[in-house]
Amino acid sequence: MSVVHFVGAGPGDPKLITVRGMELLQQADVLIYAGSLINPELVERSPAEVKLNSWGMNLQEIGDATEAAIRDGKNVVRLHSGDPSIFGSIVEQIDDLGQRGIKVDIVPGVSSMFAASAALQTQLTLKGVSDTVIITRPAGATLEKDLIPELSRLGTSLVIFLGTDKLESITSRLECPRDTPAAVVYHASWPDQKIVRGTVEDIAARAKKAGIERTALILIGGIVDPFTRYDRSVLYS
Ligand SMILES: C[S@@+](CC[C@H](N)C(=O)[O-])C[C@H]1O[C@@H](n2cnc3c(N)ncnc32)[C@H](O)[C@@H]1O
């Protein structure tokens with residue numbers, strides 16, 4: 001039996017999918033894609049005869065559709081936003097498919113956090129500022145309790161996914177200095193990308209004023225405003 005290809009679509013710009021990912025997309029007979037986080041242009045570029053939006057489908061339905069296609073000898077591509085390993089819920093799918101005797105091959109992608117750091121023209125790790133990046137999300141329907149206050153005390157670069165609608169409550173719970181640089185990047189790499197910069201104190205109000213309510217990343221730490229405080233790397237010294 002052939003394998004299902006899990007492909008990272010990248011952050012939005014259709015040119016930011018990998019060459020391997022695009023090749024697989026163009027050979028797909030059945031495409032299952034992750035809703036509005038996937039640029040419709042990518043979906044259109046696939047010749048797949050069946051294109052399913054996984055938004056609103058449950059694990060069983062995704063597994064059933066995949067299994068039926070694989071048993072029919074079809075090439076199946078499961079397109080995830082960004083990189084599939086970041087809040088991509090792929091392990092449960094691999095597990096479910098494994099129980100159906102179906103193997104998975106994973107093609108990495110450009111995570112939205114890399115598109116956001118590119119938009120901000122910074123590094124997520126920066127000498128003299130932060131050698132550590134924490135990726136996390138706020139509590140919500142799928143997470144009972146988060147560690148955002150504790151993590152923010154460490155003074156590292158903090159990248160918060162899935163929190164745009166909770167910006168005010170997130171920033172009010174941060175335990176780093178209130179003047180710590182912060183940014184919200186909406187739709188990184190899409191044509192309507194928006195960047196809002198500020199501090200932990202005012203970023204929620206600034207993002208609200210800019211009308212950002214979803215599909216954004218929150219970046220906290222000195223890396224957001226790097227030019228005043230970084231040390232030069234040993235490599236280029
Ligand atoms: C389910 S997670 C998927 C993340 C994805 N696997 C990745 O690597 O970017 C969805 C969240 O990622 C963030 N996100 C995805 N695409 C984005 C983009 N282009 N710009 C900013 N944030 C994005 C938002 O926080 C969104 O709520």
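Colleague: Which helix gives the most to the shell around the ligand?
Modeller: α5 does, with three residues. Helices (H or I, at least four residues) and strands (E, at least two) are DSSP runs, numbered from the N terminus. This is a predicted model: local features need pLDDT of at least 70, side-chain atom pairs count only at pLDDT 80 or more, and totals for chains, interfaces and linings use all residues. Residues are numbered from 1 along each chain, as its sequence is written.

Colleague: Which elements each supply at least two residues of that shell?
Modeller: α5 (112-119) and β10 (216-220).

Colleague: And which residues come nearest to the ligand?
Modeller: Gly82, Ile86, Ser111, Ser112 and Ala188, out of 24 around it. A residue is near if its C-beta atom, placed from the backbone, lies within 6 Å of the molecule.

Colleague: How do the shell residues divide?
Modeller: Into 13 nonpolar, 10 polar and one charged. Ala, Val, Leu, Ile, Met, Phe, Trp, Tyr, Cys and Pro count as nonpolar, Asp, Glu, Lys and Arg as charged, and the others, Gly among them, as polar.

Colleague: New topic. What are the domains?
Modeller: Domain 1 (4-107) and domain 2 (112-228). The bounds come from an automatic or database domain assignment. The shell around the ligand draws at least three residues from each.

Colleague: What separates their centres?
Modeller: 28 Å, taken over C-alpha atoms. Seven residues of domain 1 are in contact with 10 of domain 2. Contact means C-beta atoms, placed from the backbone, within 7 Å.

Colleague: What about the domain 1 side of that contact?
Modeller: Four nonpolar residues, two polar and one charged.

Colleague: Last one. Which residues of α3 meet α4?
Modeller: Leu59, Ile62, Gly63 and Thr66. In α4 they meet Glu92, Gln93, Asp96 and Leu97. Together, these contact residues divide into three nonpolar, three polar and two charged.

Key. Contact = placed C-beta atoms within 7 Å.
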